[in-house]
Amino acid sequence: MDNQIFVHVGLMKTGTTFLQNVVFPNLPVNYIRRIRSLKKVSNKQPILISDEGLSGSIYHPSDSDGMLNSFTNSVRTIKRCFLDPKLIICFREPSSFILSSYKQYIHEGGTKCFKDFFSIHHKKIVTPRDLYFSKYIEILNDELPKENIFIYNYETFRSDKEKVLTELLEFIGVGNIENLD
């Protein structure tokens, strides 16, 4: 396959759905929403996969070993499966991330109060080490060349979406923000 592979590892609660619904479908790429939907493409356009499941979750039972472990496994699998993959990921300020994740947990039917959802001292649902985003960056830097990683900050994305989108499109090497519908 000659197509450059970009994988957006959509960390939960970082604007992934907006990118998946508004931005990525309007780019001149072969856009795939779930990695398991990967298919052979006949053109030479880049392939952009965006999958929130690759980053893991801080509260879903399928990620009982923690979000950091799920993320690490995903990055290593991507590296093994694709030649020279480029990763895109967003991180969010941890306390804002916890609060937004807790709201999502409740929205999805979770019933525990916040003190049973997260504690810095005891393992509750959320593992405190899952919130040390510097560890995620270390894993990325250990597994991939620096030029193959695009990291952006959720708070910057919210306050200056145009700046982040311009940098993202430059990283992917496609068009500019004016081309988005």
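**Stop 1: Salt bridges**

Four salt bridges are counted here, by the rule that a side-chain nitrogen of Lys or Arg lies within 4 Å of a carboxyl oxygen of Asp or Glu. The model is a predicted one. Side chains of opposite charge can pair when their charged atoms come close.

Select D51 and R34. They form a salt bridge, with the closest N and O atoms 3.9 Å apart. D51 belongs to strand β3 (residues 47-51) and R34 to the loop between β2 (30-32) and β3, so this pair ties together parts that are 17 residues apart in sequence. Is D51 buried or exposed? D51 has 7% relative accessibility and counts as buried. R34, with a relative accessible area of 31%, is partly exposed.

Now select R76 and E143. Their side chains meet in a salt bridge, at 3.1 Å from N to O. R76 sits in helix α2 (residues 67-81) and E143 in helix α5 (residues 133-143), so the two tie together parts that are 67 residues apart in sequence. E143 counts as buried at 16% relative accessibility, because the limit for buried is under 20%. R76 counts as partly exposed at 40%.

Next, select E167 and K163. Their side chains meet in a salt bridge of 2.9 Å, N to O. Both residues lie in helix α7 (residues 161-172); they are four residues apart, and therefore separated by about one helical turn. E167 is partly exposed, with a relative accessible area of 33%. K163 is also partly exposed, and its value is 39%.

**Stop 2: The sheet**

Hide the side chains and look at the strands. In what order do the five strands of the open sheet run? The order is β2-β3-β1-β4-β5, and the pairing is parallel. The edge strands are β2 and β5 (149-153), each of which pairs on one side only. From one strand to the next, the twist averages 15 degrees.

Zoom in on β2 and β3. These two strands run parallel and are joined by three bridges. Select Y31 and find L48 in β3, which stands opposite Y31. Then select helix α1 (residues 16-23), which packs on the sheet and touches β1, β2, β3 and β5. The direction of α1 makes about 140 degrees with that of β3.

**Stop 3: The nonpolar cores**

In soluble globular proteins, nonpolar side chains tend to be buried together. Which residues touch the most other members of the largest nonpolar core? Select V7, V9, F71 and L87: these are the ones, out of 32 residues in that core. At least two residues of this core come from each of β1 (5-9), β3, α2, β4 (86-91), α3 (94-107) and α5. Helix α2 supplies the largest share, five residues.

Keep V7 selected and show its surroundings. Leaving out residues up to four places away in sequence, V7 touches I49, L54, I78, K86, L87 and I88. Another core lies apart from the largest one; its 20 residues include F6, V29, I88 and L168. Select those four to end the tour.

Key
Residues numbered from 1 in each chain as written. Predicted model: local features only at pLDDT ≥ 70, side-chain atom pairs only at ≥ 80, totals over all residues. Heavy atoms only, no water. Buried < 20%, exposed > 50% of the residue type's maximum accessible area, 1.4 Å probe, protein only. Core = buried A, V, L, I, M, F, W, Y, C linked by side-chain atoms within 4.5 Å. Contact = heavy atoms within 4.5 Å. Pairing = 2+ DSSP bridges. Axes fitted to C-alpha atoms, helices over the stretch in contact; angles between N-to-C directions.
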